[in-house]
Amino acid sequence: MDYFRHLSRRQYVWLGVTLLAAVLVILAGRFVNPQQIHNDRVDFTTDMSIKEMAPQLDVTGKALAREFELPLDVPKKRPVRDLGVNQAQLDHVTAHLLSHRPSVFKYFVFAAIALLALVYLLRLGRPDKSAGPGPNTQRLQYPHAVYVGVLIVAVVVCGFLLGKSPNPMEGVVKLFKSMVGLYPSVTEKVAAFTFFVALAIVGNKLVCGWVCPFGALQELIYSLPILKQLKRYKPPFAVTNAVRGGLFILMLLLLFGILGQRRGFVLYHAVNPFNLFDLSFEMVSIGVTIVVAIVLSLFVYRPFCTLICPFGFVSWVFERLSLARVRIDRDRCTACGACTTTCPTHAAADILNGKLLPADCFSCTRCLRVCPHDAIRYGPVFVPLSPSTAENKTAS
Ligand code: SF4
Ligand code: SF4
């Protein structure tokens with residue numbers, strides 16, 4: 001492949017060291033979590049009590065009672081049969097809760113892919129101009145095939161092979177669920193939330209743009225070459241973000257019992273598309289969400305991410321702190337509009353116009369590929385793009 005042939009010697013060193021580091025991260029994950037937690041199967045029967053079952057399902061007694069649609073103060077030591085739970089209902093609830101038990105190993109896989117993505121964005125995507133003239137400087141910037149390759153790995157490995165949990169959406173929702181007593185350990189959920197947010201801060205939406213399996217699936221569908229002629233629609237960011245933020249606030253009000261009668265109710269359960277990766281469609285609404293998101297992805301960029309996903313919203317907030325992100329070199333920019341036309345969201349235009357709260361940038365590299373003046377770059381915010389200009393120090 002041309003891309004690899006045209007890497008400079010220094011870039012080969014970066015690639016080798018990063019691949020080695022990624023492999024070590026994955027091996028560390030196998031060491032920490034030698035067995036897939038999904039394989040822990042227990043036969044649950046209606047003779048068992050909530051108190052016996054809850055620890056094995058990694059939830060509190062209250063959470064399990066809620067899953068059985070029983071009052072939260074129901075006796076927890078009695079066999080669930082006496083509480084009116086039948087075996088079919090028990091099987092359904094336990095299968096659902098077991099599917100939410102996260103594999104610790106998957107965090108290491110997420111970290112390894114994010115590391116590769118970050119080094120690619122910072123060091124390997126652009127020709128290494130310091131290596132002098134030669135084939136390296138003539139090659140394409142950020143070839144799309146590399147991005148597509150990583151997205152396929154994200155869907156296959158972080159999705160279908162490793163299952164739906166953990167995922168960034170749950171990383172947010174479970175933090176708040178633990179605050180209303182639905183999980184025995186708050187610390188574990190804080191750690192998961194911190195992991196995903198930290199990656200979003202290190203590199204702009206590194207999780208959503210490169211690692212999240214459902215984000216990757218939508219991105220792949222939107223990028224299908226056969227659909228290039230389709231007319232694409234960019235909904236106004238103010239509208240999509242208001243819907244996404246509104247749903248997030250509604251989720252919190254329902255979960256904490258400020259609205260409605262069911263404290264602990266999780267709005268997102270009904271629209272969790274990550275179920276696709278376990279092929280478990282417990283509710284009709286989940287199947288509908290997946291189909292609608294996939295079909296809409298033909299015309300609109302990442303509809304689930306921009307309209308519904310709570311991590312999409314939270315990471316958009318934390319994007320303000322990102323240490324590395326897409327930036328504009330105003331000395332070089334001629335405002336030709338190539339980046340804003342190719343950007344699938346309003347992010348490039350907002351960055352160009354210096355908006356305080358720009359639309360989500362998924363670090364998808366499209367704008368980096370098309371700029372004829374090399375004026376748009378992915379880099380650390382603390383390194384001036386053109387040190388000689390005072391403007392860049394403030395504007396980018
Ligand atoms: S916003 Fe999209 S890419 Fe990001 S976590 Fe949600 S589904 Fe995944
Ligand atoms: S094309 Fe848009 S979303 Fe993609 S990296 Fe550029 S600004 Fe971000």
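Visitor: Hi! Before we start, when does a residue count as near a molecule?

Guide: A residue is near a molecule if its C-beta atom, placed from the backbone, lies within 6 Å of it. Keep in mind that this is a predicted model.

Visitor: Over to ligand 2. Which residues come nearest?

Guide: Of the 13 residues around ligand 2, the nearest are Cys343, Cys361, Cys364, Arg366 and Cys367. Helices H18 (347–352) and H19 (366–370) each supply at least two residues of that shell, and H18 gives the largest share, three residues.

Visitor: New topic: which residues in the largest nonpolar core touch the most other members?

Guide: Out of 79 residues, those are Ile113, Ala114, Ala117, Ala154, Leu206, Val207 and Val211. Helix H6 (residues 104–124) gives the most to this core, 16 residues. Domain 1 (2–33 + 103–317) and domain 3 (325–395) each contribute at least three residues to this core.

Visitor: What does Val211 touch?

Guide: Leaving out residues up to four places away in sequence, Val211 touches Phe110, Ile113, Ala114, Ala154, Cys158 and Leu206.

Visitor: What about the second core?

Guide: That one is separate and has 12 residues, including Phe44, Ile50, Val59 and Ala65.

Definitions and conventions. Residues numbered from 1 in each chain as written. Chains lettered and ligands numbered in written order. Predicted model: local features only at pLDDT ≥ 70, side-chain atom pairs only at ≥ 80, totals over all residues. Helix = DSSP H or I, 4+ residues; strand = E, 2+ residues; numbered from the N terminus. Core = buried A, V, L, I, M, F, W, Y, C linked by C-beta atoms within 7 Å. Buried ≥ 20, exposed ≤ 12 C-beta atoms within 10 Å, placed from the backbone. Domains from an automatic or database assignment. Contact = placed C-beta atoms within 7 Å.
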